[in-house]
Amino acid sequence: MEAPSGRRTTRRLRAGSFVLLAAACALLFAVPAHAEPGDGETSTAPVETPTTDVPTQEPTTTAPTEAPATTEAPPPPPPATTAAPPPPPAAHRFKMTVSTVSLGDAYWQGDGTGELVVAVKNTGENVGKDTVTGFYALPSGAQAAGAYGTGGCAVAPAALSFSCTLPEQGLGQVVVKVNVDQGAWKTIGIGQVTAAIGQYQRIAPIAFAFTTPPTPGIELNTSAPPLPAAAAAQDELLQLAVRLRNTGATRAAGAVEIVTPPGVDLVTFPSVCRSHKRVGPDRDRCELGDIAAGKEVSTAFGMTVSAAARAELPLTGAVHGYLVPPGQDMIETRYDFKITAPPLVGVEAPLPTSAPPSPVAQRTFETDFSLRKQSNDGGTMSSLPIVGGIVGLVAIVGALVVFSVRRRMRDDVEDDALSADEVEDVVLVPAQSGGPTGPSAALTRSPIPRSLTLPRLPSGPVAGSGFRDRERAGRDEDGD
């Protein structure tokens, strides 16, 4: 047992000596820590040698792991602080069209009523609703007899004014009832409508048109060709043809007068005019001299249409014709002409000037009808009561006819039943003496054949028959 223990001791001594020898070598050949390396030498970190073989324990704490770097997005740049663009400026505009007051054939029979229609359209931009105010002036010989507005327009008849509150592109109308005097067709001029929104103003003429009066001995015709199409409004030349005819039996001195609308001027006269002169601001006269019976004079007048008038087309003018037979009164007639043209390029067509139905007239009719029905004042009656009476009379007659037919049918049925009873009736023969008595004896039929059965006679005595009423005979017997 001592040998192994000695071996172990020897091994330990050898290991210890080896360790000491290694330590001594390390101390001898190791470079001092503070020594600086020379030229061409590199310094190395000293290697630490363990002195014992005891295993080193790993540390229980782990090295902290670095979190991955998060790259944040840079904040967006602040928005550019630019001022909002200003709103577009408001443009206050409107369009106005005025109709011609047309007098039909009823004018020559004493009815001088006509209608004037003013159409207004809001053509402004960025204005929302806008109010157009205006007034109208009628010439001498014409009077306003009432007015009403539609589509946002209201009127003040006493002041001959109106106002239209319209949205953008909104259309309103003003309708004026006009009465024209019977003699005004000879001298009536041109009226005017004025409307405005602030400083923006429009003016339009009011023209009057008449049919040819039924005047014997004279005939007048005019014609104005339409203007050609144009891209923009400009001054243009127009030729007006006039034909005056003497339809009388004798010669007569003839003349014509041209009435031009606003913006139209008469610039040239035909050579057949012996003389001509300006009668008024819009009226020129041409003397034609004597015209033989049945003859006609044709003329052509040159007129200029201004750019402002071109934008207001159509326009209405008039020509008056005169004939003066020797020793007789002057004969006068009138014929109206109209200047037309296609609308300008990029310009809207004229506004519609057809008169809308009058709500005032409708209410007046209903109110008048209700008042007549309530008061029964004996005024002009409508056809409704007459039609109702006829229908009621026909119904009563039909009912009477039906009742009569039904009654006749019922009487026929009763007569048929009565005839059957009369045929079935029999004559009872009194029971013979010594025969059977009792109820059975009373029911014994007569031995007379059926064909000889007598018919039932009507109640009451029959002349020449010798029969008497049964009830009366019974009363007589009781009385006896």
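Author: Before the details, a word on ground rules. This is a predicted model, where local features need pLDDT of at least 70, side-chain atom pairs count only at pLDDT 80 or more, and totals for chains, interfaces and linings use all residues. Residues are numbered from 1 along each chain as its sequence is written, and side-chain values use heavy atoms, with hydrogens and water left out.

So, strand β8: it covers residues 171-180 (strands are DSSP E runs of at least two residues, helices are H or I runs of at least four, both numbered from the N terminus). Seven of its ten residues are buried, leaving the strand mostly covered. Buried here means under 20% relative accessible area, exposed means over 50%, and partly exposed lies in between, with a 1.4 Å probe and protein chains only.

β8 has antiparallel pairings with β3 (residues 113-122), over nine bridges, and with β5 (residues 142-150), over eight bridges. Two strands count as paired if DSSP finds at least two bridges between them.

Now the core. The largest one has 33 residues, and V180 and F208 have the most contacts inside it. A nonpolar core is a set of buried Ala, Val, Leu, Ile, Met, Phe, Trp, Tyr and Cys residues joined through side-chain atoms within 4.5 Å. F208 touches, among others, V178, V180, L103, I188 and P139, leaving aside residues up to four places away in sequence; contact means heavy atoms within 4.5 Å. A second, separate core has 29 residues, including V242, L244, A252 and A309.

On to the charged pairs: the structure holds ten salt bridges, each a side-chain nitrogen of Lys or Arg within 4 Å of a carboxyl oxygen of Asp or Glu. One of them joins R202 and E312, with the closest N and O atoms 3.1 Å apart. That pair links distant parts of the chain, 110 residues apart: R202 is in strand β10 (residues 200-206), and E312 is in the loop between α2 (307-311) and β19 (315-324). R202 counts as partly exposed because its relative accessible area is 21%, and E312 is partly exposed too, at 26%.

E236 and R310 form another, at 2.8 Å between the closest N and O atoms. Here strand β13 (residues 236-246) brings E236 and helix α2 brings R310, 74 residues apart, and both residues are buried. R285 and E287 make a salt bridge as well, with the closest N and O atoms 2.6 Å apart. R285 is buried at 17% relative accessible area, whereas E287 is partly exposed at 28%. Shared partners join E257, R283, R285 and E287 into one salt-bridge network.

Last, the surface: L393, V397, V401, V405 and M409 make a nonpolar patch of about 460 Å². V401 lies in helix α4 (residues 384-424) and is partly exposed, at 47% relative accessible area.

Notes. Patches are made of residues with over 30% relative accessible area and no salt bridge: like charges are joined within 9 Å, nonpolar side chains (Val, Leu, Ile, Met, Phe, Trp, Tyr) within 5 Å. Accessible areas come from the Shrake-Rupley method with a 1.4 Å probe; for residues, only the protein chains shown count as cover.
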